[in-house]
Amino acid sequence: MNDSAMPRTVAIKPIPRALHLPPAGRPRWVCPKNLKLDLQYLSWGKRRFGESAVPVSRHHGWIYCVVLQGNPVLRLRSREVVVQPRHVLVLGPDCASGWAANSIDSVADLLTWVWDGPPRCPVLGAAADGFQSFSADRVLIRTLQQIHSLCRRELERPDSLSALALEELRFRMDVAISRSQAPKPFAPEPALRLELALRWLAQNVQERNPVAPLCEYLQVSAATLNRLFRTHLQESVAVYHTSVRMERASQLLKNGGFAVKEVAYELGYLHANDFSRAFKRFTGRNPSQGVRNSIAL
């Protein structure tokens with residue numbers, strides 16, 4: 001058989017690893033060799049990839065990129081992807097990539113990190129030769145902007161605690177991105193606030209004047225809080241809280257073996273007589289009757 005007829009295997013030339021820096025004057029930070037940090041590179045600000053494209057190459061770490069504005073073109077080995085604003089990209093170290101633009105005048109605003117180690121959350125740990133793209137809402141964008149700012153501030157004067165501080169910021173970053181992609185159960189805001197309010201009242205039966213601290217907990221006004229209760233429960237916060245306290249008192253008197261005075265103090269009353277009057281007003285009987293009934297049982 002003629003050797004010329006044999007199929008030939010064409011070797012694919014490996015793409016080298018390289019860090020292509022922005023043009024002179026564009027903001028960036030590169031980790032000095034004397035610093036042992038997980039964070040290897042930071043860049044931020046506007047880029048004109050039409051004027052200065054980034055060649056396709058592999059990298060020495062995991063790239064995180066937030067596209068704030070513009071439509072930059074992510075160049076991969078075999079295709080190009082137009083990235084929309086408000087998207088987060090995570091690229092593995094063997095994902096050969098670069099940047100270009102649809103036109104020479106287009107401008108993109110990016111935040112970029114290069115971390116040495118892999119993502120801390122499994123959802124971000126794609127194959128080392130692949131990449132993932134995540135849409136980002138305003139909350140996630142604001143969080144990542146804050147983390148990027150804190151990274152820059154930490155690196156202005158790095159010290160012996162910088163590695164630990166950056167590790168904490170890396171965890172926050174990975175958790176924020178991962179949580180943003182998790183399914184969110186639908187819960188209208190008023191319903192969620194009411195759920196939180198009822199839980200707080202059940203856990204704070206000793207609070208004599210619950211409205212002010214509950215408003216502080218929920219970060220709402222007293223008018224908003226009472227409107228929430230009257231809309232959904234047809235009663236005020238104070239009336240509902242009193243019913244919770246009296247139900248707890250009945251349980252303690254009946255099953256807990258507590259004296260009337262002990263129950264009064266447990267529920268936050270300064271004087272046992274105040275508790276007795278409130279209990280009788282709510283139930284129509286004296287609390288001592290509950291104690292006698294429990295003893296008889």
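Helix 1 (residues 138-156) and helix 2 (residues 162-181) pack at an angle of about 170°, their axes lying 10 Å apart, which makes helix 1 roughly antiparallel to helix 2 (an angle over 145 degrees). Helices here are DSSP runs of H or I with at least four residues, and strands are E runs of at least two; axes are lines fitted to C-alpha atoms, for helices over the stretch in contact, with angles from 0 to 180 degrees between N-to-C directions. This is a predicted model, in which local features need pLDDT of at least 70 and side-chain atom pairs count only at pLDDT 80 or more, while totals for chains, interfaces and linings use all residues. Residues are numbered from 1 along each chain as its sequence is written, and side-chain values use heavy atoms, leaving out hydrogens and water.

Let us turn to the salt bridges. A search of the whole structure finds 12 of them (a side-chain nitrogen of Lys or Arg within 4 Å of a carboxyl oxygen of Asp or Glu). In one, the closest N and O atoms of Arg170 and Asp38 are 2.9 Å apart. This pair links distant parts of the chain, with Arg170 in helix 2 and Asp38 in the loop between strand 1 and strand 2 (39-47), 132 residues apart.

By contrast, Glu80, which forms a salt bridge with Arg75 (4.0 Å, N to O), is exposed at 55% relative accessibility, and Arg75 is partly exposed at 27%.

Conventions: Parallel < 35°, antiparallel > 145°, perpendicular 65-115°, else oblique. Buried < 20%, exposed > 50% of the residue type's maximum accessible area, 1.4 Å probe, protein only.
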